[in-house]
Amino acid sequence: MESWPPGGSGPAEAGRRLRGLHGADLAASASLLSGAGAEAGCSAPAVAAVLPAGGSGERMGVPTPKQFCPILERPLISYTLQALERVSWIKDIVVAVTGENMEAMKYIIQRYQHKGISLVESGVTRHRSIFNGLKALAEDQPNCRLSKPEVVIIHDAVRPFVEEDVLFKVVTAAKEHGAAGAIRPLVSTVISPSVDGCLDHSLERVRHRASEMPQAFLFDVIYEAYQQCSDYDLEFGTECLHLALKYCHIKAKLIEGSPDLWKVTYKRDLYAAESIIKERISQQICVVMDTKEDEEHVGHRLKEMLKNELNHVKVTSGRDLQQIILEQCYNFVCVNVMTSDFEETQKLLNMLEESNLSILYPVVVISVQFLDYESVPFGQKMGNLMQIREFAKEVKKTNILLYGLLVYYPQDEQKLQESLRQGATIIAALIKERNSGLIGQLLVA
């Protein structure tokens, strides 16, 4: 087993806020399972997770194993690791990966600053990979560096959208029942064909469920099941809950899961996952201006237009940029009102680069310039604005996407309103799409 704790702190820690929990029961889960509940007489179990990540991704139809396929230029498995490590009460995460992909996995852990990750070599089948991961947590194995947990979560490396609430539910159910797993309603009817390819029988869909991940077990239960497991089950089996039932006589508690538990299996699923991630990181826009908040200026009117046009998005002022960056805002509109160059934009870019915010997700910065052609010669203004191309090339290296937006000003009221509305639409599209092909371009509203 190789332990690979990456150095440094930063986005992997702060990224926990990207998708928060809701409700008192979910808030209590963190305190209960992280140990705070012990003060109130609750027994907080030690929890670890095992991620089998040795698959070849044949159904994906691409040469790269699906767990390493990029989404927004970041490997899929990194999103799954982030989903688990943002849960404070999961103490260890063991990833089972093939020997040929071991170095690639180490690079991913280091590059995206993942913490508390240990690597083991995967087996030739899913069950053998999981067994190898469990051995890394068992105290009866030589050179074991990790502590044996009371409860272990088994999850898929290609299910990146698992939330803390379902993890909490399966862990608490496993502690009570010995095993637990997430389930979902069947979408299609399951049928059994005969040997000649004709229908033999079908299952009544309302009485059956699809088994999903995550699943959780008392560690001693699932480890014993794998130790007793037949070669046939290790080779051809796919259901961990069945092993607990077959070899340890443990009936798993079934927990209704959310639609977010779906598994990235086919190429089209990569596009769906990318769309979900883009949507999640586009819910807040920070507007930074080089004028005071109480001044009546066209820049503030643009901000109000953004609020009106994007009513599902939170639009905030950049009064305390450091705090906003800590709160994981990935979208910035820098309004240059008083200057005709990129001074304010450059300040913002410097802060973003120093923060390492863009390690996990691409950060969008839109530099808005108001072209006052009555006071500044057009040629001089455009000459200054064309600097954006060089800025964009440089910051793209740090995963910051810089775009330019030009608004003609002054105009009569009706035309100005239309320009501001069009500007808000352009800003919304740039943030939602995060198109790297448009970086450094100066768009006109």
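Predicted model: local features only at pLDDT ≥ 70, side-chain atom pairs only at ≥ 80, totals over all residues.
Helix α16 spans residues 413–433 and contains 21 residues. From its first C-alpha to its last, α16 reaches 30 Å, close to the 30 Å expected at 1.5 Å a residue. At the start of this helix, Asp412 places a side-chain oxygen within 3.2 Å of the backbone nitrogen of Gln414. After the helix comes Arg434, which has a positive phi, near 50°.

Which residues of α16 are buried? They are Leu416, Ser419, Leu420, Gly423, Ala424, Ile426, Ile427, Leu430 and Ile431. Because these residues cover an arc of only 165° around the axis, they lie on the same side of α16. The face of α16 turned away from the buried side carries the exposed residues Gln414 and Lys415.

Attention now turns to the cysteines. A disulfide is a covalent bond between the sulfur atoms of two cysteines. How many disulfides does a search of the whole structure find? The search finds zero. Cys334 is accordingly in no disulfide, and the nearest cysteine sulfur, that of Cys286, is 9.3 Å away; the cut-off for a disulfide is a pair of cysteine sulfur atoms within 2.5 Å. Cys334 is buried, with a relative accessible area of 0%. Cys248 has a relative accessible area of 15%, and because buried means under 20%, Cys248 also counts as buried.

Definitions and conventions. Residues numbered from 1 in each chain as written. Heavy atoms only, no water. Buried < 20%, exposed > 50% of the residue type's maximum accessible area, 1.4 Å probe, protein only. Helix = DSSP H or I, 4+ residues; strand = E, 2+ residues; numbered from the N terminus. Expected span 1.5 Å × (residues − 1). Arc of directions from axis to C-beta. Polar contact = N/O pair within 3.5 Å; in protein donor to acceptor, adjacent residues only side chain to side chain.
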